[in-house]
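Subject: Structure handover

Hello,

Here is the structure I said I would pass on. Please look through it first, then read the notes below it.

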Amino acid sequence: MVADASIQQIGDKSFCVATTDGDGNKNATIYAPEWGKWTSFGRQTDGTYMNPIIPADFSDIDCIKAGDCYYAISSTFQFSPGMTMMRSSNLVDWEVCSNIVDDLTQISPSLKWDRMDRYARGIWAGTLRFHNGRFHLFFGTPDEGFFTTSSPSPEGPWEPLTCLLAEPGWDDCTAIWDNDGNAWFAGTNFSDNYKTYIFPMAPDGKSIDFEKRLLINEGSGREASKLIEHDGLYYLVFSEFKPGIGRYVMARRTDNLSEGFKDNEERQLTYACVESHEPNQGGIIEGEPGKWYFLTHHGTGDWGGREVSLLTVEWKDGWPLIGKVDENGIGSMQWHEKIPFLPHSDNRIIASEYFDSPKLIPHVQWNYQPREEYYSLSERPGWLRLKAFRPIERGNLLKAGNTLTQRIMRREGSSLIKMDISGMADGQIAGLCHFSKKYAGLGVRQDEKGRHLEYVSDNKINVAGPSVTNDEIWIKSEWDREGKSQFSYSIDGINFVQVGPVYQLSWGNYRGDRSGIFCFNDNSDNGFVDIDFFEAH
């Protein structure tokens with residue numbers, strides 16, 4: 001049964017007191033740091049780790065082991081290339097190793113630079129599997145249906161997408177090859193009372209038998225499904241939502257997937273943990289033999305997105321109990337644990353891009369499928385050339401193609417770019433921005449009077465700055481732990497001057513805030529800027 005929870009604030013800490021469960025049983029007090037107030041995260045120096053292990057927007061996690069490494073995927077919505085893949089050797093230290101879907105127009109032309117009408121849509125949650133020497137990705141989009149691709153390597157090349165189901169209204173798919181070699185696929189029809197079906201799947205994972213689908217779950221916002229096997233039993237791990245309580249993790253089990261799941265073989269695995277932003281969707285994975293873990297996102301988004309944590313899993317009576325388990329056998333958030341493997345890993349997320357390679361690092365992504373002939377990494381080696389063209393809507397950064405973005409960390413941080421603006425044309429503006437559903441940016445605008453700094457935002461607050469006479473300029477954004485950001489510029493890279501108001505980084509379109517480099521021209525397809533680096537600190 002689901003516990004009723006209350007939150008007490010004591011100083012700069014938060015305490016969640018789960019008072020009673022559905023049967024009237026009292027539960028223990030659960031300690032948690034105030035959300036977002038962490039001073040450290042990830043691997044520590046004493047052989048432990050602190051959650052979140054990644055305080056950034058890596059949403060809709062799934063995780064597998066292949067060989068000696070662990071791999072995880074994260075949904076990317078309209079960003080291109082799509083579906084980020086990460087790699088780790090210890091489940092705590094992660095690096096971004098690739099993005100799987102190079103061309104989003106395989107999904108829909110609406111994900112291209114000349115349409116840009118899939119905010120909050122595009123690539124949603126998926127499942128990663130390793131079978132017969134190949135990585136298999138399955139994912140859904142709410143408008144187009146389910147897709148799959150595979151590759152012998154996480155870095156690719158990945159096969160062109162195969163559509164498994166061309167129908168809107170579905171999400172959160174998963175797949176498994178059972179112990180008899182049969183392949184199964186499951187997906188949730190969120191448009192029809194969150195009904196989850198299991199389908200027989202072809203051995204190569206490239207087709208499903210829609211006519212032989214079997215209903216295996218329904219209602220209560222049940223989604224985020226993952227099929228796993230443990231000791232001969234098959235589990236459907238999923239999340240459920242109850243108004244006034246929140247979202248938490250559930251599981252159902254069976255010894256035969258073709259027969260579905262029985263209602264009496266179902267169990268609640270975690271509390272909602274609202275104070276910890278509801279860790280609820282992820283992959284259950286074995287570390288060292290007998291040691292299991294749950295790599296999960298925190299489902300309540302904020303300006304940092306949906307951050308990633310690693311919780312322990314204890315198998316008891318045939319059920320995977322997640323996190324800090326109380327006397328009722330239900331788990332809650334963990335903040336501090338021993339690292340699964342020693343020695344420590346060198347995996348880390350490399351966020352700064354210096355454009356010194358023929359390809360962009362996988363951490364940076366375009367907002368929508370880019371107009372390829374309007375950017376170059378080769379015309380000026382060591383720099384990114386962004387060529388300006390007209391946006392879909394005049395003056396609207398969210399309707400301007402070829403904005404290069406990256407996730408930001410939910411802590412004190414900064415983004416910094418250096419631009420050569422000598423190639424600008426009248427009508428052009430280029431600079432550094434933040435956006436989710438809202439946006440703000442500081443750029444250089446050129447018109448018939450010359451060049452000047454300008455602060456722009458979606459609520460039409462435009463603040464004109466000083467004129468710019470030199471050809472190189474540095475633009476920076478710095479934010480604090482509350483997500484309050486300030487733009488500034490420099491003509492020498494050392495001394496910075498603030499321009500525009502303080503901007504509150506925000507959550508929107510199911511995404512946390514991103515920083516980005518923008519460049520467009522309201523008047524014509526003309527002008528360019530060169531970017532020396534895109535640093536993240």
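Which residues line the second largest cavity? They are Gln78, Phe79, Tyr119, Phe435, Ser436, Asn509, Arg511, Gly512 and Arg514. A cavity is a set of points on a 1 Å grid over the protein atoms alone where a 1.4 Å probe fits but cannot get out, and lining residues have an atom within 4 Å of a point.

Before the rest, some ground rules. This is a predicted model, in which local features need pLDDT of at least 70 and side-chain atom pairs count only at pLDDT 80 or more, while totals for chains, interfaces and linings use all residues. Residues are numbered from 1 along each chain as its sequence is written, and side-chain values use heavy atoms, with hydrogens and water left out.

Cavities

The whole structure holds two cavities of 30 Å³ or more.

Sheet

Eight strands make an open antiparallel sheet in the order β8-β30-β33-β43-β35-β36-β37-β38. Its edge strands, β8 (79–80) and β38 (463–467), each pair on one side only. Strands are DSSP runs of E with at least two residues, numbered from the N terminus, and two of them pair if DSSP finds at least two bridges between them.

Aromatic rings

The search of the whole structure gives 31 aromatic pairs. Rings of Phe, Tyr and Trp (its six-membered ring) pair if their centres lie within 6.5 Å; planes under 30 degrees apart are stacked, over 60 edge-to-face, and the rest tilted. Phe77 and Tyr510 are a tilted pair because their planes are at 45 degrees, with ring centres 6.2 Å apart. These two residues are 433 residues apart, Phe77 in the loop between β7 (69–74) and β8, and Tyr510 in the loop between β42 (503–504) and β43 (514–521).

Is Phe77 buried or exposed? Phe77 is buried, at 2% relative accessible area, whereas Tyr510 is partly exposed at 43%. Buried means under 20%, exposed over 50%, and partly exposed in between (1.4 Å probe, protein chains only).

Regards

Key. 1 Å grid on protein atoms, 1.4 Å probe; cavity = no way out; pocket = protein on both sides within 12 Å on 5 of 7 lines; lining within 4 Å. Points joined across faces, edges and corners; volume = space filled by probe spheres on them. Helix = DSSP H or I, 4+ residues; strand = E, 2+ residues; numbered from the N terminus.
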